[in-house]
Amino acid sequence: MKLQGLLLLLMRLFLGALFIYSGVVKIINPAAFAEAIDNYRMLPYLFVTLMAIILPWVELIAGVLLLIGRWLRSSSLIIMLLNIVFIIAITSAIFRGLDIGCGCFSVSEDAAKVGVLRLLEDILYLILAIILFRSQTIESAH
Amino acid sequence: MNVKKLAAEIGVVFAAAALLGFATNDLNPNGVKISINRPVKQTADAALQRHQELDSAEPIVIGKEQLKRLVQAKDIIIIDTRTPQEFLQGRIPNAINIPFERLEESIETIDSLAKTSWIVTYCDGPPCDKAQLLAAELIDMGFARVAYYDAGLDDWKKTEGVQQ
């Protein structure tokens, strides 16, 4: 079971670092992130601004918790929920044919566009978060 | 699984994120302003989109407050359409001079303008219509994001400084 433990550790560190990076990039420029969210045309502008202010910090805090190994169940659950939201948003943008920046790990206008590749990436992160969440649940049950 | 504990931890994360988010957003020069209404840049984009949907080639009119917000967003080229002499005597800060009467001499300058930025033209204000005419010319030249500040420099000078 050592290999399994190592894999879980690597997943945890990877997701933690990824979401810390993702959060910091957006915290530096909330206005640009708000514009990226608004480009999806899914939310009233008030919610766009609130999301632009709060969501990056949720990513950062959940990332730090994953990295330091505290509150692993809640932090991996948060990452799961975030990825589900991202997957819904990207899927909807693809179906509406929107040619917009993803706003995922960069808020610049040259950032990666929404598309199937970004969708697959988020599905991968969702799977990693589910595996981490389940491993914690099983661990706490023992 | 202790659902209550899980919910409490998630609540703490969101509460901490909200606290930190609002605190840092206020201090951040790139902070977002909480508002029900979209900022002018997006509003202007949407207005432009409506124009295109209606197949109208009319540039849009903006006021001083909208112009100031576009300047803050930095994604803007301001064009003073008056004569070089008038331009030197006083202009909206960071404006460039493309005299409407010498449009043909300024084609190279116009070609070099970024098509992705908003272009706002102005002159003294009514009855001067050079800003509107140049804006219409720019649309004909293929620029999509063109507006004119109809009230012009006369209006600007009432509350804002000019550059000399």
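**Bonds and bridges: how do we know?**

Q: What makes Cys102(A) and Cys104(A) a disulfide?
A: Their sulfur atoms sit 1.5 Å apart. A disulfide is a pair of cysteine sulfur atoms within 2.5 Å, so this pair gets the label.

Q: What kind of model is this, and how are things numbered and lettered?
A: It's a predicted model, where local features need pLDDT of at least 70 and side-chain atom pairs count only at pLDDT 80 or more, while totals for chains, interfaces and linings use all residues. Residues are numbered from 1 along each chain as its sequence is written, chains are lettered from A and ligands numbered from 1 in the order in which they are written, and side-chain values use heavy atoms, leaving out hydrogens and water.

Q: How many disulfides are there over all chains?
A: The rule gives two. Chain B has a disulfide joining Cys123(B) to Cys128(B), with S to S at 2.1 Å.

Q: Why is the disulfide of Cys123(B) and Cys128(B) called left-handed?
A: Look at the torsion about its S-S bond: that's about -125°, so the disulfide is left-handed.

Q: Why is Cys123(B) called buried?
A: Its relative accessibility is 2%. Buried means under 20% relative accessible area, exposed over 50%, and partly exposed in between (1.4 Å probe, protein chains only), so Cys123(B) counts as buried. Over in chain A, Cys102(A) and Cys104(A) are buried too.

Q: What makes Lys26(A) and Glu59(A) a salt bridge?
A: Their closest N and O atoms are 2.9 Å apart. A salt bridge needs a side-chain nitrogen of Lys or Arg within 4 Å of a carboxyl oxygen of Asp or Glu, so the pair qualifies.

Q: Which parts does the Lys26(A) and Glu59(A) pair tie together?
A: Lys26(A) lies in helix α1 (residues 2-28) and Glu59(A) in helix α3 (residues 45-68) of chain A, so the pair ties together parts 33 residues apart in sequence. Helices here are DSSP runs (H or I, at least four residues), and strands are too (E, at least two), numbered from the N terminus. Both Lys26(A) and Glu59(A) are buried.

Q: Why is Glu101(B) called exposed?
A: Its relative accessible area is 54%, so it counts as exposed. Its salt-bridge partner is Lys130(B), which at 14% counts as buried.
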